[in-house]
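I opened a notebook for this structure.

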Amino acid sequence: MMEKMIFGRYVPADSIIHKMDPRSKLMIIFLFVCIIFLANNVVTYALIGIYTFFMLGLSKVPVRFLYGGLKPVLWLVLFTLVLQLFFTKEGALLFEWGPVKIYEEGVRMGIFISLRFFFLILMTSLLTLTTTPIEITDGLETLLHPLKKVRFPVHEMALMMSISLRFIPTLMQETDKIMKAQIARGVEFASGPFKERIKAVIPLLIPLFVSSFKRAEELAIAMEARGYRGGEGRTKYRQLSWQRADSFQIGLLILLTILLYLLRS
Amino acid sequence: MKESIVTLKEVSFQYDLQERYALNNVSFNIYEGEWLAIVGHNGSGKSTMAKLLNGLQFPQEGEITVCGTLLSEESIWDIRRKIGMVFQNPDNQFVGTTVQDDVAFGLENNGIPREEMVQRVEDSLRKVKMDKFLHQEPHHLSGGQKQRVAIAGVLALRPSIIILDEATSMLDPRGREEVVETVRLLKEEKSLTVISITHDLEEAAKADRIIVMNKGEVFREGTPEEIFSMDEQLIQLGLDIPFSVKMSKAFRQKGIELSKHYLSEEELVTELWTSRCNM
């Protein structure tokens, strides 16, 4: 289940978006999150919509994967829509049924804000669907590199992230093994009242914790034996390469920003 | 004569909060290009020895010299570059997210330029026959494959010594064979010195020399044949002697004379089917 949440996200495909540098993708997402707030009328929202779907098209990610990422947050989008519908009391009254009053502005705001949500989620899923977690880590490490000057532990953070990523499947396998071992001893994980089920997690968590600490210690020794002594003087094996597509995409987004700025009301 | 590459002189080591010495006044030499097996029961001090050789722990007393350099706080990083270690648990020493990243980890630590890294990663993976798994993630590999990747990671740093710290004890028989065979080939090709720390005497039988440890002291030192001839004592130390040695012994008790203690099943079988053929 967790595996799907974290690893099932990445959909390998041969597309321009997949081949892009994670740095440019991260920058685009960051900028996109900012400029989406520029949109405030039909034309600007339409522009953002066109851009989002254009990017989705380029990525060649099948729609069902996008829907999979969208499903858990879809209720949030609907909730915002409903909230706006009922609580905005501006503009002409459109509909009245007892205490329920729906105004024109409410409909407008509701649609705009849920659209904003919708596009944001689509774009951010696009990042995780087309970029492996380790690429994101690499991208973040290089983008955050200037923060080193203010003593922010960029290298350590990136290493921590990549080690966590590497150990997630290992810990999954281990959880599975411990679970089976405990089931064999009569622990019931799947049935019984809620309180009992929560209690049943304890014999699962404790062995998992103990072994994780042991793993951490052994890993630290192994890393030291292989000459690890912090980020100083280290070279990097994985390399990021900025290509023409990256510059083009950044340019495209800047163009969108300018258009939004000009067309907003 | 043989050049000694590692020297331990009167080394004693005690873990914090423990009364007993994990190693007590241990001295021996390790010679260049040999395969040395250090065997012993749990708590005999054999794993502590591996940690001392690599500067992961420092002895309270005595001196350790590796490749002519005295082991100290200042020299550990140079020494670690010369000594590659493969540990027991295949999972807990795999640092990278993919095979190639893991092999590159040690190179990155030592600041090797990228072009050379790519070359070395490829070369060392080819040596352990894992070059087809470059982009594979660790959880898709078997234990033996992971250990071979660990060996490649060590190899990429071009060490003079490889320490196998119980490196095969968590593997199935096939994985064990894969790993031992890989190390054997590499040793021949690159004239490496191999120190294998193990409680598996089958594996130790393949070594040039064996040191038996007991309660933090060197109990006996000798060739595998010499060591296995003291069979009763080995069993008392909690070590299980190889099947072929047990068989040879049983034959002798039955009055069937064999020319020597056999260390491998093949040798024993060869003598058996060639010697007593009266038909």
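**Entry 1: one phenylalanine**

I began with F119(A), which is partly exposed because 19 other C-beta atoms lie within 10 Å. The cut-offs I used: 20 or more other C-beta atoms within 10 Å of a residue's own means buried, 12 or fewer means exposed, and in between means partly exposed, with C-beta atoms placed from the backbone. F119(A) sits in helix α6 (residues 104–130) of chain A. I took helices (H or I, at least four residues) and strands (E, at least two) as DSSP runs, numbered from the N terminus.

Which residues does F119(A) touch, leaving out those up to four places away in sequence? I found I36(A), I48(A), G49(A) and T52(A). Contact here means that the C-beta atoms of two residues, placed from the backbone, lie within 7 Å. I also checked D14(A), which is 105 residues from F119(A) along the chain; their C-alpha atoms are separated by 23 Å.

**Entry 2: ground rules**

I noted that this is a predicted model, where local features need pLDDT of at least 70, side-chain atom pairs count only at pLDDT 80 or more, and totals for chains, interfaces and linings use all residues. Residues are numbered from 1 along each chain as its sequence is written, while chains are lettered from A and ligands numbered from 1 in the order in which they are written.

**Entry 3: a helix pair in chain A**

Next I took helix α3 (residues 22–35) and helix α7 (residues 133–143) of chain A. They pack at an angle of about 75 degrees, and their axes are 8 Å apart. So α3(A) is roughly perpendicular to α7(A). My angle classes were: under 35 degrees roughly parallel, over 145 roughly antiparallel, 65 to 115 roughly perpendicular, the rest oblique. Axes are lines fitted to C-alpha atoms, for helices over the stretch in contact, and angles run from 0 to 180 degrees between N-to-C directions.

I listed who makes the contact. From α3(A) come P22(A), R23(A), K25(A) and L26(A). From α7(A) come E135(A), I136(A), D138(A), G139(A), L140(A), T142(A) and L143(A). By class, the contact has five nonpolar, two polar and four charged residues. I counted Ala, Val, Leu, Ile, Met, Phe, Trp, Tyr, Cys and Pro as nonpolar, Asp, Glu, Lys and Arg as charged, and the others, Gly among them, as polar.

**Entry 4: two arginines with positive phi**

R151(A) is not a glycine, yet its phi is positive, about 65 degrees. I placed R151(A) in the loop between α7 and α8 (154–184) of chain A. Is R151(A) buried or exposed? It is exposed, with 7 other C-beta atoms within 10 Å.

R158(B) also has a positive phi, near 50 degrees. R158(B) lies in the loop between α5 (143–155) and β7 (161–165) of chain B. R158(B) counts as partly exposed, because 13 C-beta neighbours lie inside 10 Å.

**Entry 5: strands in chain B**

I traced an open sheet of four strands in chain B, in the order β2-β1-β4-β5, with antiparallel pairing. Its edge strands are β2 (23–31) and β5 (69–70), each pairing on one side only. Two strands count as paired if DSSP finds at least two bridges between them. Strand β4 (residues 61–66) of chain B and β5(B) share two bridges. V66(B) stands opposite T69(B). Helix α1 (residues 46–53) of chain B lies across β1 (4–13), β2 and β4, at about 115 degrees to β1(B).

I then looked at a hairpin. Strands β9 (residues 209–214) and β10 (residues 217–222) of chain B pair in the antiparallel sense over five bridges. V212(B) faces R220(B) across the pair. Two residues lie between the strands, and K215(B) takes a positive phi near 45 degrees.

**Entry 6: where the chains meet**

How many residues of chain B are in contact with chain A? I read 30, against 27 residues of chain A. On the chain B side, α2 (76–82), α3 (99–109) and α4 (114–127) each supply at least two residues. The largest share, seven residues, comes from α3(B). By class, that side of chain B has 12 nonpolar, 12 polar and six charged residues.
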